[in-house]
Amino acid sequence: MTAEISRIVKTAFLLLSSLTVITGLVYPVSIHLLAQAFFNHQANGGPVSSNGRILGSELIGQSFGDPKYFWGRPSATTPYPYNAAFSTGSNQGPTNPEFLDAVGKRLAVLKKTHPEASGPIPMDLVTASASGLDPHLSPAAANYQARRVAKARGLSESQVTALIRSRIEDRQFGILGQPRVNILKLNLALNDLESGRPSG
């Protein structure tokens, strides 16, 4: 009986040691090396740089409140928007009074800041994504803001809408998701357009 127990303990220890090495060392190191080799930009956070300075990530949204910039999708993360350490949605359903109140307030702000905009307000301007970190907007949501941005920048609306068109990203692999615009990249291109610099 003692020999049997000893054999079981030895087998369990060897199995534990093997799995610890495989799942705790071999697997994470392999994934890290593969990510660095084939997806280096994404694996390092998708940094977006200008003049050698990192300004943000193309993978995580950030807040823009100035009328001169396009505003991104609302974020429900706490204690501040786009908190990458606390990715979450509001988890509130469409009949939840708090959700309806939040959407109502966002609608009121958009109507006040875009008095000349016509047509319905795109849904992604008033609802947060499930992650709270979405860096993209639909082309419709970007175009909804074009007149405000153009006016604040002293640009023509046609210049701004042309810039939006040039920044539309297609569906991933041509089939996944919807066409979208990265707001950080769009705002940096907007700075370049206003200053007369060639946009990267």
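Predicted model: local features only at pLDDT ≥ 70, side-chain atom pairs only at ≥ 80, totals over all residues.
**From one turn to the whole fold**

Gly-154, which comes just after helix 5, takes a positive phi of about 75 degrees.

Helix 5 itself covers residues 146-153. Which of its residues are buried? They are Ala-146, Arg-148, Val-149, Ala-150 and Arg-153. The cover over these buried residues includes helix 3 (97-113) and helix 4 (139-144), as well as helix 6 (157-166) and helix 7 (183-195).

Now step back to the protein as a whole. It has seven helices and five strands. Followed along the sequence, these elements come in the order α-α-β-β-α-β-α-α-α-β-β-α. The C-alpha trace spans about 85 × 45 × 35 Å along the principal axes. The radius of gyration is 24 Å, whereas a compact globule of 200 residues would have one near 16 Å. Among the 200 residues, 30% count as buried. Of the contacts with a separation of 6 or more, 55% are between residues 24 or more positions apart.

The interior comes next. In soluble globular proteins, nonpolar side chains tend to be buried together. In this model the largest nonpolar core has 28 residues. Which of them have the most contacts inside it? They are Phe-70, Leu-125, Val-160, Ile-164 and Leu-186. Helices 3, 4, 5, 6 and 7 are the elements that give two or more residues to this core. Helix 7 gives the most, with six residues.

Leaving out residues up to four places away in sequence, Phe-70 touches Phe-64, Ala-142, Gln-145, Ala-146, Arg-148, Val-149, Val-160, Ile-164, Ile-183, Leu-186, Asn-187 and Leu-190. Among these partners, Ala-146, Arg-148 and Val-149 are buried residues of helix 5. Val-160, Ile-164 and Leu-186, also touched by Phe-70, are named among the core residues with the most contacts.

Leu-125 is in a loop, the one between helix 3 and strand 3 (136-137). Is Leu-125 buried or exposed? Its relative accessible area is 6%, so Leu-125 counts as buried, the cut-off being under 20%. Apart from neighbours within four places in sequence, Leu-125 is in contact with Trp-71, Pro-74, Leu-110, Leu-137, Ala-141, Tyr-144 and Gln-145. Gln-145 is also touched by Phe-70. Between Leu-125 and Glu-98 there are 27 residues of sequence separation and 17 Å of space, C-alpha to C-alpha.

Val-21, Leu-25, Val-26, Val-29 and Leu-33 make a nonpolar surface patch of about 430 Å². Leu-33 belongs to helix 1, which runs over residues 2-38. Leu-33 counts as exposed because its relative accessibility is 53%, and the cut-off is over 50%.

Charged side chains are the last topic. Side chains of opposite charge can pair when their charged atoms come close. The count for this model comes to seven salt bridges. One of them joins Arg-7 to Glu-4, with the closest N and O atoms 2.8 Å apart. Because they are three residues apart in helix 1, Arg-7 and Glu-4 are separated by about one helical turn. Both are partly exposed, Arg-7 at 48% relative accessibility and Glu-4 at 38%.

The side chains of Arg-147 and Glu-116 meet at 3.7 Å, N to O. This pair links distant parts of the chain, as Arg-147 is in helix 5 and Glu-116 is in the loop between helix 3 and strand 3, 31 residues apart. Arg-147 has a relative accessible area of 38%, so it is partly exposed. Glu-116 and Arg-147 are also linked with Glu-157 in a network of salt bridges.

In a further salt bridge, the side chains of Arg-180 and Glu-169 meet at 3.8 Å, N to O. This pair links distant parts of the chain too: Arg-180 is in strand 5 (residues 180-182) and Glu-169 is in strand 4 (residues 168-169), eleven residues apart. Arg-180, with a relative accessible area of 21%, is partly exposed, and Glu-169 counts as partly exposed at 24%.

Definitions and conventions
Residues numbered from 1 in each chain as written. Heavy atoms only, no water. Buried < 20%, exposed > 50% of the residue type's maximum accessible area, 1.4 Å probe, protein only. Helix = DSSP H or I, 4+ residues; strand = E, 2+ residues; numbered from the N terminus. Contact = heavy atoms within 4.5 Å. Core = buried A, V, L, I, M, F, W, Y, C linked by side-chain atoms within 4.5 Å. Patch = residues over 30% accessible without salt bridge, like charges linked within 9 Å, V, L, I, M, F, W, Y side chains within 5 Å. Areas by Shrake-Rupley, 256 points an atom, 1.4 Å probe, with all protein chains shown as cover. Salt bridge = Lys/Arg side-chain N within 4 Å of Asp/Glu carboxyl O. Rg over C-alpha atoms; globule rule 2.2 N^0.38 Å.
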